[in-house]
Amino acid sequence: MATTNQPPDTPDTPVPPPPASDAERVARLRPAYQAELADGIARFFEPRRTDCPWCGARQLRRRLHTKDHLQRKPGTFTLDQCRDCGHTFQNPQLSAAGLDFYYRDFYDGLYAEKIGGALDSDAARERNRDRATAMRRHARPKRWLDVGTAGGDFCLAAREALPGTTFDGLDIGAHVLGAQQSGRIERAYQGFLPDLADELAGQYDAVSMFHCLEHTTDPKAQLAAVHTVLRPGGHLIIEVPNPESPFGRLFGRYWLPWFQPQHQHFVTMRNLRRALTELGFTVVATDREESHIPVDFTALVGLYVLRLLPFRDEPWLPRPPGRLGTAVTKTVFWAGIPFCFPMYALDRLLAPLIRRSRFSNAFRVIARREE
């Protein structure tokens, strides 16, 4: 009997579906967002304060009134400033529901790839290496907790300057778990630092908070929690936007560090130093030069272009723009992009001067927890 050599029957291997396009992802998210917004947005805000959350004074003035230009989520946002201590804060502040709504699909989800690319640029990596080097001038920590670590980009870059240091990360988003899985950090903690402080008490030689404190609803509670998790002699390195930069007044709603609605509190260097001293820290270094991020002029034009876009296809907007609306929006967007290039060059050209002036858009403080 004749036989033939045939491969054995094998089940068909399923072919994974192609990745969803942005339009498809938006369409999937739109029903849930529209159902959530059907009840309005009042629950996304706490009651308006009549006193300063930093010093308690009741001498407040309005500093800024704006909208969400980046994502165009609904709502208007106000920053008030205390006339007594200079603290600037969002008023009314986002509630827990508001934090969930306005942060969702920004650092993760729909916008994750775009934001992640910006955080993982060559300039960002160089900035992270510089931060680790700044700490190395004062200490060689064995265990370091990076608060607001996101995907662990700082920890990955910092190993070059501190190869003997173990880095852990803490963040409220799920991306901190991915940072652990990828090996960027040793341990991942998902949640808020004040809630985890007792569990982590005295375990770390260093804590970092890079552009994290301004996102928190109670910055003083965050600083107290840092004091708890640090060992005596441990160091805190912190960077925040500089609310005293004249660019904040000159550029108004188009000054990127205002970053509404995500940024809740803007602490001055004087207030931060005083608060750390009261907690039992000694400030060992301050800096406005290395912490400056040369982006002010580029972002000024970029945010204005985003504001001019007539139609956006976002799931929190009630309907898609259609073909004509999409075409008009793309035309406006690409017409505005060329104006960003000279602003980018201006940012780089003026950076050496701005870093050494009060126009610097950020500042850094390093403090040691005393015995």
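This is a predicted model: local features need pLDDT of at least 70, side-chain atom pairs count only at pLDDT 80 or more; totals for chains, interfaces and linings use all residues.
G98, L99, F101, Y102 and Y103 of α2 are buried. An α-helix has 3.6 residues a turn, so residues three or four places apart point the same way. The cover over the buried residues of α2 includes α1 (22-37) and β2. After α2 comes D105. The phi of D105 is positive, near 65 degrees.

The side chain of N91 reaches the backbone nitrogen of R49. The distance is 2.8 Å. Neighbours within four places in sequence aside, N91 touches R48, R49, L60, T78 and D80.

Strands of a sheet pair through backbone hydrogen bonds, either parallel or antiparallel.

Strand β2 (residues 76-82) pairs with β1 over seven bridges, in the antiparallel sense. Within this pair, R61 stands opposite Q81 of β2. Strand β2 is also joined to β3, by three bridges. These two strands run antiparallel. Here D80 of the sheet stands opposite F89 in β3. The hairpin of β2 and β3 has five residues between the strands. In this hairpin, G86 takes a positive phi near 85 degrees. Strand β2 is mostly covered, with six of its seven residues buried.

Another open sheet contains seven strands. Their order is β6-β5-β4-β7-β8-β11-β10, and the pairing is mixed. The edge strands are β6 (188-190) and β10 (281-287). Each of these edge strands pairs on one side only. From one strand to the next, the twist averages 15 degrees. Within the sheet, β4 (residues 143-147) and β7 (residues 204-210) run parallel. Four bridges join β4 to β7.

Helix α8 (residues 219-229) lies across β7, β8 (230-241), β10 and β11 (362-369). The angle of α8 to β8 is about 150 degrees. Helix α10 (residues 269-279) lies across β8, β10 and β11. The angle of α10 to β10 is about 155 degrees.

Helix-to-helix packing is seen between α11 and α13. Two packed helices are described by the angle between their axes and the distance between the axes. For α11 (residues 296-308) and α13 (residues 340-355), the angle is about 150 degrees. Their axes are 6 Å apart. Angles over 145 degrees count as roughly antiparallel. The two helices are therefore roughly antiparallel to each other. From α11, the contact draws on D296, F297, T298, V301 and G302. From α13, C340, M343, Y344, L346, D347, L350 and I354 take part. By class, the contact has eight nonpolar, two polar and two charged residues.

F297 is found in helix α11. Its relative accessible area is 13%. Buried means under 20%, so F297 is buried. Neighbours within four places in sequence aside, F297 is in contact with F247, F251, M343, L346, D347, L350 and I354. Among these partners, M343, L346, D347, L350 and I354 are also named in the contact of α13 with α11. F297 and R356 are 59 residues apart in sequence. In space, they lie 17 Å apart, C-alpha to C-alpha.

How values were computed
Residues are numbered from 1 along each chain as its sequence is written. Side-chain values use heavy atoms; hydrogens and water are left out. A polar contact is a pair of N or O atoms within 3.5 Å; within protein, one must be able to donate a hydrogen and the other to accept it, and residues adjacent in sequence count only if both atoms are side-chain atoms. Contact means heavy atoms within 4.5 Å. Axes are lines fitted to C-alpha atoms, for helices over the stretch in contact, and angles run from 0 to 180 degrees between N-to-C directions. Angles under 35 degrees count as roughly parallel, over 145 as roughly antiparallel, 65 to 115 as roughly perpendicular and the rest as oblique. Ala, Val, Leu, Ile, Met, Phe, Trp, Tyr, Cys and Pro count as nonpolar, Asp, Glu, Lys and Arg as charged, and the others, Gly among them, as polar. Two strands pair if DSSP finds at least two bridges between them. Buried means under 20% relative accessible area, exposed over 50%, partly exposed in between (1.4 Å probe, protein chains only).
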